[in-house]
Amino acid sequence: MADRDLAKGIASTEVQEGRIVAGVLDGQDVVLVRHKGRICALAGQCTHLNAPLADGIVVDGTLRCPWHHARFDVETGEAVGAPAFTPLERFEVVEDDDRVRITGLAKPGPTPETVDAAGMGRIVIVGAGAAGHACAEMLARHGAAAAVTVVNEEGDAPYDRTFCSKQYLAGKADRDDAALPALDGVDLRSGVAVARIDRDAKAIVLHDGERIAYDRLVLATGAAVVSPDFYGSDRKDVFALRTLADADRLIAAAGKAERAIVVGSSYIGLEVAASLIARGLEVAVVSDGALPLEKTAGPEVGKMIRNLHQSNGVEFHMNCRIARWDGHAAMLDDGSAVKGDIVVAGMGVRPRVELAEAAGLDLADKADGGGVAVDALLRTSDPSIHAIGDIANAPDLRLGHAIRVEHWVVAQHMGQWLARHLMGQADGVYQDVPFFWSGHYDLSLRYVGHVASPGDRTIDGDVPAQDFAVTFAEDGREQAILTAGRDELALQKEYLWEQHGGLQAGDEMPVG
């Protein structure tokens, strides 16, 4: 019963070790958790996007969000795992006469352990997207801001890129809502590009000739959209969607359009379709696949997603490509035509490895996902240089081989883990389990783990009813799960697989 008044109190026996108990205090959602015998009271909504934490789980002293898998320290409220950065409010708890009640807000929790910034050396981070920002924020949070320089090619301050295809594009959030926490004390250079890396001198060289020396260089250059190649793709009414500036241009164009054509039926392409539907446009999706998401989720989920989008007005043209676009209609290679005012290309991205390649760092084979090859400590072939985020082809210790993953939270977790590693606070090697979410109207999908193909899959539940879990195996071993309506299961699987990741520090580490 989430409406229980915790100022009046509840029986102590209701608060069992590791169990989440929901209630309210002066109208605010609060959760109680008994941890190591002590009862902790925390705000009941995630500081990322206000998910109800009562629906999450408690493991290893962390409270985990059911929607986007943010993590909070049960005792201090600190946001220890992205995508949340703001801590949870804490409340004073009194336990006597076999009852538990809350008396009000607690004093701020202990600040995170600080490190000696002077002893960190010079840390230069290239890129301020998910990975670069998360790395810099964690370093700054622990007092090492003075050691950090971030070079951000984009002119905008760091922002949540997922808003570009979801909340901001759909008109459900303002531009400012996409902002990520400021990097207080960090030397942030925005609107500046790196021309090259001078590995011998351990310095990066900016396009204006300025040199910035480093002791540790972190490459977080992200990915760039794959450009369409049809005739007319260079027109101004053809849009890519990667940056906040891209979203600005698309929103402005959508305000003058009646019908949009989305190229590609991937997660991003379909999120764009749903967002444009929310803006009142008619939307057609053109894709060379037989079903949306089939290559990653299987045909059962693909059919459900197609039906969901069709029920919201999306028109699908599958097994075909655009051959020509003239600003009024797209001629497809099957001879048919689709009318539209704008085209949005959602054809995927490629890792931005040019800087690393020019510096002579080892790259992973394209057949293995491409990107920059790193080891289990996220080091490149130059031990002074790390690579994180979309460009990093890193060992997955459960799979037994390296993978490159283009997911927002994966990039953030890489950045946070690397920051802790550089501060001497991370045990073992990087072995976070990949996770992403995707929103389609009122449906939310959670995907934990990674497989190359959905061919070996098992379905539990009712896919058309949007209540299911699809587990995917690789080499006969369960390695990933896609859920709808089963958020707790997704969290439990993530935690289970974390515990069986594999290597510890000192073990032989594979290289990506």
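The model is predicted, so local features need pLDDT of at least 70 and side-chain atom pairs count only at pLDDT 80 or more, while totals for chains, interfaces and linings use all residues. Residues are numbered from 1 along each chain as its sequence is written, and side-chain values use heavy atoms, without hydrogens and water.

User: How many helices and strands does the protein have?
Analyst: Helices (H or I, at least four residues) and strands (E, at least two) are DSSP runs, numbered from the N terminus. By that definition the protein has 10 helices and 36 strands.

User: What percentage of the residues in the protein is buried?
Analyst: Buried means under 20% relative accessible area, exposed over 50%, and partly exposed in between, with a 1.4 Å probe and protein chains only. Of the 512 residues, the buried share is 57%.

User: What share of the contacts with a separation of 6 or more joins residues 24 or more positions apart?
Analyst: A contact means heavy atoms within 4.5 Å. For contacts with a separation of 6 or more, the share from residues 24 or more positions apart is 59%.

User: Why is helix α9 described as largely enclosed?
Analyst: Helix α9 covers residues 408-422. It is largely enclosed by the rest of the structure because its buried residues number 13 of the 15.

User: What distance separates the end C-alpha atoms of α9?
Analyst: The expected span of a helix is 1.5 Å times one less than its number of residues. For the 15 residues of α9 this gives 21 Å, and the distance in the model agrees, at 21 Å.

User: Which residue just after α9 takes a positive phi?
Analyst: The phi in question is about 75 degrees. The residue is G424.
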